[in-house]
Amino acid sequence: IFIKGNGLRVLESYVLLERIRRDCVVLREAQILDKQGNLLQRRILREFNTVWNIKRDLLIRALYDRATELGARVHVDCPVGEVAEDGSAVIRGDRIKADLVVAADGVNSVARRELGLNRDVTQPRSGAIRLLVPRTSFESADMTREFWSGRLRVGVAPCTPTEVYSYLAAPLDDRQGAHAPINADYWASHFPALKAQGFFDRADVAGGVHVPSRLRRVGYV
């Protein structure tokens, strides 16, 4: 998860910044490259544009630990089946009254639908396979890189000393590009620079999950 200035300020207010810092990679630079590895754009991520990258489970664990330190009780595997305007919620058949209900249950929110707050969701045209791959000397620098090739993109960003968070983005109508686990030969044929680094060999055994997403399109190379 990429955490930027506003998120870092929130974590600081929770007295979590130092705890998060131990488990993350502070990204120093962001690059966009073409499929051959030629630099197209470079941004230095200085203090006023800081980006931290952390594994999701480590961030969740830090938030959980801090919440329980402050007296919160966390219940898992408790799907909300219904939410009413009086602040009550039905969880596994039991109706529970709350002072405040926060609908933070995603794009297909049960809470928003029950309260008539839902809006139509525009279906995405793109998606990405997200996965963690072993970090090698090719990713030794604490920087995020995004490679462009036609309608395809590959993002590579270290998130721990030994792992790299990656995404392989393609239009949904590209059956090979949208298939998980990845077709390593297909992706390698479009990104020779990453192929030479053995990236797709590492990604091929990493698995990954495909998620439809609203990815911005600035241009293609």
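Tutor: In this predicted model, rings of Phe, Tyr and Trp pair if their centres lie within 6.5 Å.

Student: By this rule, how many aromatic pairs are there?

Tutor: A pair of aromatic rings is described by the distance of the centres and the angle of the planes. Applied to this structure, the rule gives a count of 6 aromatic pairs.

Student: Is the pair of Phe2 and Tyr165 stacked or edge-to-face?

Tutor: The ring centres of Phe2 and Tyr165 are 5.9 Å apart. Phe2 lies in strand E1 and Tyr165 in strand E12, 163 residues apart, and the pair thus links distant parts of the chain. Planes over 60 degrees apart count as edge-to-face. The planes of Phe2 and Tyr165 stand at 70°, so this pair is edge-to-face.

Student: Is Trp187 buried or exposed?

Tutor: Trp187 forms an edge-to-face pair with Tyr186, with 6.2 Å from centre to centre and 85° between the planes. Buried means under 20% relative accessible area. Trp187 has 0% relative accessibility, so Trp187 is buried.

Student: How many disulfides does a search of the whole structure find?

Tutor: A disulfide requires a pair of cysteine sulfur atoms within 2.5 Å. For Cys24, the closest cysteine sulfur is in Cys159, at 10 Å, which is too far for a bond. Across the whole structure, the number of disulfides found is 0.

Student: Which helix holds Leu63?

Tutor: Leu63 is partly exposed, at 34% relative accessibility. Together with Val10 and Tyr14, Leu63 makes a nonpolar surface patch of about 250 Å². Leu63 has its place among residues 56-69, which form helix H3.

Terms used:
Residues are numbered from 1 along each chain as its sequence is written. This is a predicted model: local features need pLDDT of at least 70, side-chain atom pairs count only at pLDDT 80 or more; totals for chains, interfaces and linings use all residues. Side-chain values use heavy atoms; hydrogens and water are left out. Patches are made of residues with over 30% relative accessible area and no salt bridge: like charges are joined within 9 Å, nonpolar side chains (Val, Leu, Ile, Met, Phe, Trp, Tyr) within 5 Å. Accessible areas come from the Shrake-Rupley method with a 1.4 Å probe; for residues, only the protein chains shown count as cover. A salt bridge is a side-chain nitrogen of Lys or Arg within 4 Å of a carboxyl oxygen of Asp or Glu. Helices (H or I, at least four residues) and strands (E, at least two) are DSSP runs, numbered from the N terminus. Buried means under 20% relative accessible area, exposed over 50%, partly exposed in between (1.4 Å probe, protein chains only). Rings of Phe, Tyr and Trp (its six-membered ring) pair if their centres lie within 6.5 Å; planes under 30 degrees apart count as stacked, over 60 as edge-to-face and the rest as tilted.
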